[in-house]
Amino acid sequence: MNGTQLSSFRHSLWTSSCLQGSLHALTLITVISIAMRVITWNVNGIKTLPQYHPWTQYKSLNDILNSEHLACDVLCMQEMKTPRTSITRDVALPDSFDAFLSFPTAATQDVSASQQQSQKKAKTGYSGSGIYTRRGGTGTRCAPLLAESLLCFPPKDTQERISPSDHAYPALMDFVPQLPIPSSSDDSDKEEDEGEDQVQADSSCEALDSEGRSIILDFGLFVLINVYCPNSASGRDTYKRAYHAALEARVNALLQEGREVMVVGDLNATPFPIDHCEGEIDTKRRGIDKWYDGPHGTAVRAWLRNWLVPLPLKDDEVTPPNKLVDVVRMFHPERKAMYTCWNTLLSARESNYGTRIDFILVSKGLLPWIKDANIMPDLRGSDHCPVYVDLRDDLTTSDGETVSLKTVLGKQGESPEPPKLATKFWDEYSGKQTRLDKFFGGKSQTAKKDSSKVDIGEPPMKKRKVEVEDSAMPEDQPSGSSAALLRPSPPISTPSLSPPPNQPAPTISTQSKIAGSNSSKGARSSKKTTASRHTSKSGSQSNISSFFQRPSSTKAKSETIESSSLPSTSFSSSSNIDDTQTSEELDEDFLLAMQLSQSPPSPSLAATPSTSKDAWSQLLKLPEAPRCTVHGEPGKRFIVNKKGPNKGRAFYVCSRPVGPGYDAGKERRAREDVDIQWRCNFFKWEKEIK
């Protein structure tokens, strides 16, 4: 179905009442089957995903995408947390999917040099988003028509634009976000006001597009926008609200062009108290108005609430055309604790103490295609869970025309090519760029043969080393010292070995060098053999005291015999050490250590394996966990990992899980709101335990 036919189909399916906000068009369709699944998931690091069950059993990302746990046709990821230079081929080019990835960058396209100054602080291993669309396998083929990686700026190539008009892009429409003014009564907002000018300067369109937070695909039937909205941490509340405003402006522009839109991703906002684990308590204590305009950037809650169509849907209610429908909440309007994100530091997932900040929002024109939508809380791998929406396979209009999803979704054809933004067209994967491993590949057979030939006239370094080892040594070195064989020494002024200064040094033939090398190797090999025989006869490891004993006469004679097998030009040494001189030169502490090591151990102090194990266990045993003051239960031990003066210190808190009304301290929780069935505020450092 071409663009003209698709436009005609939309006109026949949607009457003028739908454009005015009514949903009567829902009665114009007949359901046949399910055809396509779209999943959104904040993976919190694509590299760590395979480390969690059930993904550990799969060998590649392609296997994960095709697994029965996901079984998706389109997967939208947020927080991939990997730069382009570190991404693996398995992640960039799955066998049965096309990949469209966006990364934080220090220079986005279509911006001037002066505008790039605001992007220099972009983090490479931070944020990041991506969409995987099926091109093969057992699912529905989803080949997008066009693809963009920026929210505010259009692509350089006008043929790659999703919107033909410049006014559809916030950067080209003189976009100025209308941000709500923070309440002056809130302390956290006061801290933000101090740096408001700097934060506002970083909220331009260039800064909003510099962190790889969006991927936009045009499937013909609808435009899919995958976003990872900023959080409010580190004083970025203004940046967050600016990004939300830019997102809404882009969606509204697409709706004005007559396009249907699906927005998926982590919006980092909860529109209603039912979507927050503390919503019921906060609204009861502070009121509903304060819940929407309070600390920690909660003003964005009101923004998201106002952007959504009120639920439940009513046929006779006229709503503005620029609002979206929360399809998950549409199918589960009264469901509580339907959370998608949990604080892993508090182990909050076990008690389902979380928030719902991951959404699938669609324009009203797409509702007839929606079959089902829900969360997938049982799938691990991140601090978020996946959220999915299923689309129908076919629709039948009031005119009796049956329309298949495959005919109106994406590019048609047996093997359609994806847009240029796909990873398969990257230089490193398209054959245009030489990969680094090509420079370190194996040599050819001819090169190996040539390298195997050694020039006898210029011996290798190993043979030169043997020549140094066989040089003459001073006479005061002990003959039994094996270290002397490896330690180079200055030559002795002997006529046969050291020529006069005016005469050239005698040249030693290569055969002599090789013979000397073999002789030296033979001597060392003989010593190793003797040592191994000695160890095998004794059947045990040498005692430490043997390292402090003087060599026996038998050992000295043996070493003298072994050293005699060396070439006569090696060196000569004295056979004994002056005991009197050695004792005088040794340190008193060293002599004491020798005496103690040579004395036999006391039978009463001899440690057996069992006693040694018990001693170490007692030494490394943790102190008994203190009990919390409210429940009287043993506390749970944690270690501080955050940088600072307390890093590495251990502490204990109440072992009970967190939940609505848990005791977070008097400053954060009123005493009348505390629910003692959850974690109390017990805290104690491990060093304070007596």
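Trainee: What does N352 count as, going by relative accessibility?
Mentor: N352 counts as partly exposed, because its relative accessibility is 30%. Buried is under 20% relative accessible area, exposed is over 50%, and partly exposed is in between, with a 1.4 Å probe and protein chains only.

Trainee: What sort of model is this?
Mentor: It is a predicted model, in which local features need pLDDT of at least 70 and side-chain atom pairs count only at pLDDT 80 or more, while totals for chains, interfaces and linings use all residues. Residues are numbered from 1 along each chain as its sequence is written, and side-chain values use heavy atoms, with hydrogens and water left out.

Trainee: Back to N352. What is its phi?
Mentor: N352 is not a glycine, yet its phi is positive, about 55°. N352 is in the loop between β10 (341–342) and β11 (354–355). Strands are DSSP runs of E with at least two residues, helices are runs of H or I with at least four, and both are numbered from the N terminus.

Trainee: And E79, what phi does that one have?
Mentor: E79 also has a positive phi of about 55° without being a glycine. It is placed in the loop between β2 and α4 (89–92). E79 is buried, at a relative accessible area of 10%.

Trainee: Switching to the sheet. What is the strand order?
Mentor: The order is β5-β6-β7-β8-β12-β9, in an open sheet of six strands with mixed pairing. The edges are β5 (146–148) and β9 (325–326), each pairing on one side only. Two strands pair if DSSP finds at least two bridges between them.

Trainee: How does β9 pair with β12, parallel or antiparallel?
Mentor: Antiparallel, over two bridges, with β12 covering residues 358–362. V325 has V362 in β12 as its bridge partner.

Trainee: How many bridges does β7 make with β6?
Mentor: Five bridges join β6 to β7, and the two run antiparallel. I215 stands opposite N226 in β7. The two strands form a hairpin with four residues between them, and G220 in the turn has a positive phi of about 85°.

Trainee: What about β7 and β8, parallel or antiparallel?
Mentor: β7 and β8 run parallel and are joined by six bridges. V223 is partnered by V261 in β8.

Trainee: How many residues of β7 are buried?
Mentor: Six of its six residues are buried. V223, I225 and V227 point one way, and L224, N226 and Y228 point the other.

Trainee: Which helix lies across that part of the sheet?
Mentor: Helix α8 (residues 237–256) lies across β5, β6 (214–218), β7 (223–228) and β8 (261–266), at about 180° to β7. Contact means heavy atoms within 4.5 Å. The axes are lines fitted to C-alpha atoms, for helices over the stretch in contact, with angles from 0 to 180 degrees between N-to-C directions.

Trainee: Which residues have the most contacts inside the largest nonpolar core?
Mentor: M36, V74, F222, L224, M262, V389 and L405, in a core of 48 residues. A second, separate core has 37 residues, including L150, V261, V300 and W307. A nonpolar core is a set of buried Ala, Val, Leu, Ile, Met, Phe, Trp, Tyr and Cys residues joined through side-chain atoms within 4.5 Å.

Trainee: How many salt bridges are there?
Mentor: There are 22, each a side-chain nitrogen of Lys or Arg within 4 Å of a carboxyl oxygen of Asp or Glu. One of them joins R134 to D73, at 3.2 Å from N to O. R134 is in strand β4 (residues 129–134) and D73 in the loop between α3 (61–65) and β2 (74–78), so the pair ties together parts 61 residues apart in sequence. R134 is buried at 3% relative accessible area, and D73 is buried at 6% relative accessibility.

Trainee: What does D218 pair with?
Mentor: D218 meets R259 in a salt bridge at 2.6 Å, N to O. D218 is in strand β6 and R259 in the loop between α8 and β8, 41 residues apart. Both D218 and R259 are buried.

Trainee: Which residues form a salt-bridge network?
Mentor: D275, D326, R329 and R356 are linked in one.

Trainee: Last topic, cis peptides. What is omega between H53 and P54?
Mentor: Omega is about 10° for that cis bond. The bond from L311 to P312 is also cis, with omega near 0°.
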